[in-house]
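Thanks for coming. Please have the structure open.

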Amino acid sequence: MAEKVAIFNERKRKMKYKKLLLIFVLCIVALFTFSCKSEGESKAEKKEITVLAAASLTDVCNEIKDVYEKKEKVKINFSYGSSGALQSQIEEGVNADCYMSAAMAQMNTLVDKGLVKRNSVVKLLENKVVLIVPKSSNKDIKSFKDLDTDKVKIVGIGEPNSVPAGKYAKQVLTSLNIWDKVRKKGNFGTDVRTVLSWVEMREVDCGVVYETDAKISHKVKIVDTATDKMCDKVIYPAGILSKTNKDKDARAFMKFLQSDDAIKIFKKYGFYEVK
């Protein structure tokens, strides 16, 4: 009899052990499921928008990105290039939410094609067109007029048909009646930062860039600045792409770009408020 009781107790103990083990396993599974669900929800809450921006905005927008991401739960993915190249990407259906151009022409074209929301476009910033030379240059280049002299053998200019800085450069030189001669000396870049790098590396005698580009470099100096009579005002517009599915987040970012905090950052890099 005692032996039967012992066997019964042993079976009872094993059943209790199995029951506890099953409960433990179920708890582990539940915790794992909850963890995965929480991680998934966390990732779902992580918002992102993609902004196409003119190359001349690279440095200032990198700081804008840092400030905004700390302020809001939104990740900003910037893609930089010439305004014309970015325009082409938008026309080809690139997946993006906002566009920041270095000229009104590209923005207006996209609005007319229905690719940028008309009511979202703002004239955000103003810049200036300048002539720069390497800091150690000894060629005595002092003005745009010098581009038509023997002082200059080769000049860096953005491609006028796709790079706004190149279009402005052409306007400046046309106003001085020297474009046809100077363009024969031209080395044409795909964006304004390429022109800046050429001057920094002394691959050209001088170059036409924006004032903000010149100010970020310790290897170049400004020798002349274009007046309003020489070229159109350099206006930087920003707008929201029509195909975005993140309109709310895009509009929030656009609002921030126009805030006092953002304007202070833009001014730090040499941009001006549009008058």
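In which hand does helix 2 cross helix 10? The crossing is right-handed. Bear in mind that this is a predicted model.

Some geometry for that pair. Two packed helices are described by the angle between their axes and the distance between the axes. Here helix 2, residues 58–71, and helix 10, residues 260–268, pack at about 150°, and their axes are 10 Å apart. Angles over 145 degrees count as roughly antiparallel, so helix 2 is roughly antiparallel to helix 10.

Now the contact itself. From helix 2 come V60, E63, I64 and V67, and they meet A262, I265, F266 and K268 of helix 10. By class, the residues of this contact are six nonpolar, two charged and no polar.

Next, helix 3. Which of its residues are buried? They are S83, G84, L86, Q87 and I90. These residues sit on the same side of helix 3, because they cover an arc of only 160° around the axis. As background, an α-helix has 3.6 residues a turn, so residues three or four places apart point the same way. The cover over the buried residues of helix 3 includes strands 1 (47–54), 2 (74–81) and 3 (98–100), along with helix 4 (104–112) and helix 5 (164–175).

Buried means under 20% relative accessible area; Q87 has 13%, so Q87 counts as buried. Leaving aside residues up to four places away in sequence, Q87 touches Y99, Q106, T109 and L110.

Last item: just after helix 3, G93 has a positive phi of about 95°.

Notes:
Residues are numbered from 1 along each chain as its sequence is written. This is a predicted model: local features need pLDDT of at least 70, side-chain atom pairs count only at pLDDT 80 or more; totals for chains, interfaces and linings use all residues. Side-chain values use heavy atoms; hydrogens and water are left out. Buried means under 20% relative accessible area, exposed over 50%, partly exposed in between (1.4 Å probe, protein chains only). Contact means heavy atoms within 4.5 Å. Axes are lines fitted to C-alpha atoms, for helices over the stretch in contact, and angles run from 0 to 180 degrees between N-to-C directions. Helices (H or I, at least four residues) and strands (E, at least two) are DSSP runs, numbered from the N terminus. Angles under 35 degrees count as roughly parallel, over 145 as roughly antiparallel, 65 to 115 as roughly perpendicular and the rest as oblique. A crossing is left-handed if the near helix is turned anticlockwise from the far one by less than a right angle, and right-handed if clockwise. Ala, Val, Leu, Ile, Met, Phe, Trp, Tyr, Cys and Pro count as nonpolar, Asp, Glu, Lys and Arg as charged, and the others, Gly among them, as polar. The arc is that of the directions from the helix axis to the C-beta atoms.
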